[in-house]
Amino acid sequence: VLKCKAAIAWEPGKPLSLEEVEVAPPKAHEVRIKIVATAVCHTDAYTLSGADPEGCFPVILGHEGAGIVESVGEGVTKVKPGDTVIPLYIPQCRECKFCKNPKTNLCQKIRITQGKGLMPDGTSRFICKGKQVYHFMGTSTFSEYTVVADISVAKIDAAAPLDKVCLLGCGISTGYGAAVNTAKVEPGSTCAVFGLGGVGLAVIMGCKVARASRIIGIDINKDKYAKAKEFGATECISPEDFKKPIQEVLVEMTDGGVDYSFECIGNVAVMRAALEACHKGWGVSVIVGVAAAGQEISTRPFQLVTGRTWKGTAFGGWKSVDNVPKLVTDYMSKKIKVDEFVTHTLPFSKINEAFELMHTGK
């Protein structure tokens, strides 16, 4: 058993608390990882807020991390101690019907236990002050050491800077894949991206890599426009600057609507606007943002009857074990940006400050 520091969420709505935790050794088909770097994501904040129906407490949050394998359990063959890895919140077992189907990346092998905050055998590897602490998204990267299933880990290039590539564990991969895998943006197309946070910027990057001719960024926070343009947005607009609904503005701006739109916020009203901003006959709108539990989307069926398509994506459609190492390679060969997404680098002790920066849009 290792003792280390971890940021624990004891209860919903309270700041994280830095504590000493005991991390049990990996059991069969498990991997214990020394986490070197982790990023913060709105999904962590959503669970911490108490709004997540799957949220269990006390819990070690975090799902965008990178580190070094410290030890492996029995039967683990894909990684060994010393390997550089990224933990994966969507695993890839290669055995379930989802993994065998090229149309999806949603491996279901450990979905039920993962959703309950437990390892595949139904127990936890974390203890703090004598209490069991739950895992989060199968990763729990807000700990100096974590234990994950062996199907939830991608071995990557050892030369990759971990304080950057940790972002490929969720946000960047999600947005980039939404454009290149889910929407399959084509050269010359017109795109609209709603929400210019990390995920929205990654969508813009994907649209640019796919050679879209026009990429319109939409956000009420104008401080985000300069960054969006750096990533490839051709123009940026705010819904607050218009008297009419933003979908009507976009339809007018683009002679009938955009070819592809992306909702990167998790707001059901914006999801509707994104669909309705699409061109009749062929427009495709992709939901990337995760809405709060129990919310529903709506539009008039005529929007779909007249040829628009509504799609969703999780982790950008990437089959994780296969593709995360390739994304790291693409970053190392400068095909995709990663460094430019990092705004602040803080010590682990200032993790609550990192959440504050995220909430203020900085």
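This is a predicted model: local features need pLDDT of at least 70, side-chain atom pairs count only at pLDDT 80 or more; totals for chains, interfaces and linings use all residues.
Begin by selecting strands E10 to E15. They form an open sheet of six strands, ordered E12-E11-E10-E13-E14-E15, and the pairing is parallel. At the edges are strand E12 (235-237) and strand E15 (309-312), each of which pairs on one side only. From one strand to the next, the twist averages 20°.

**The E11-E12 pair.** Next, select residues 214-218, which make up strand E11. Three bridges join E11 to E12, and the two strands run parallel. Within this pair, display Ile-218 and Ile-237: the former stands opposite the latter, which belongs to E12.

**The helices on the sheet.** Select residues 171-183 to show helix H5, which lies across strand E13 (260-263), strand E14 (284-287) and E15. The direction of H5 is at about 135° to E13.

**The cavity.** Finally, select Ile-110, Gln-114, Leu-118, Met-119, Pro-120, Gly-138, Val-148, Ala-149 and Ser-152, the lining of the largest cavity. Its volume is about 50 Å³, and a search of the whole structure finds one cavity of 30 Å³ or more. Colour the selection by residue class: the lining has six nonpolar and three polar residues, with no charged residues.

Terms used. Residues are numbered from 1 along each chain as its sequence is written. Side-chain values use heavy atoms; hydrogens and water are left out. On a 1 Å grid over the protein atoms alone, a cavity is a set of points where a 1.4 Å probe fits but cannot get out, and a pocket is an open set with protein on both sides within 12 Å along at least five of seven lines; lining residues have an atom within 4 Å of a point. Grid points are joined across faces, edges and corners, and a volume is the space filled by probe spheres set on the points. Ala, Val, Leu, Ile, Met, Phe, Trp, Tyr, Cys and Pro count as nonpolar, Asp, Glu, Lys and Arg as charged, and the others, Gly among them, as polar. Two strands pair if DSSP finds at least two bridges between them. Helices (H or I, at least four residues) and strands (E, at least two) are DSSP runs, numbered from the N terminus. Axes are lines fitted to C-alpha atoms, for helices over the stretch in contact, and angles run from 0 to 180 degrees between N-to-C directions. Contact means heavy atoms within 4.5 Å.
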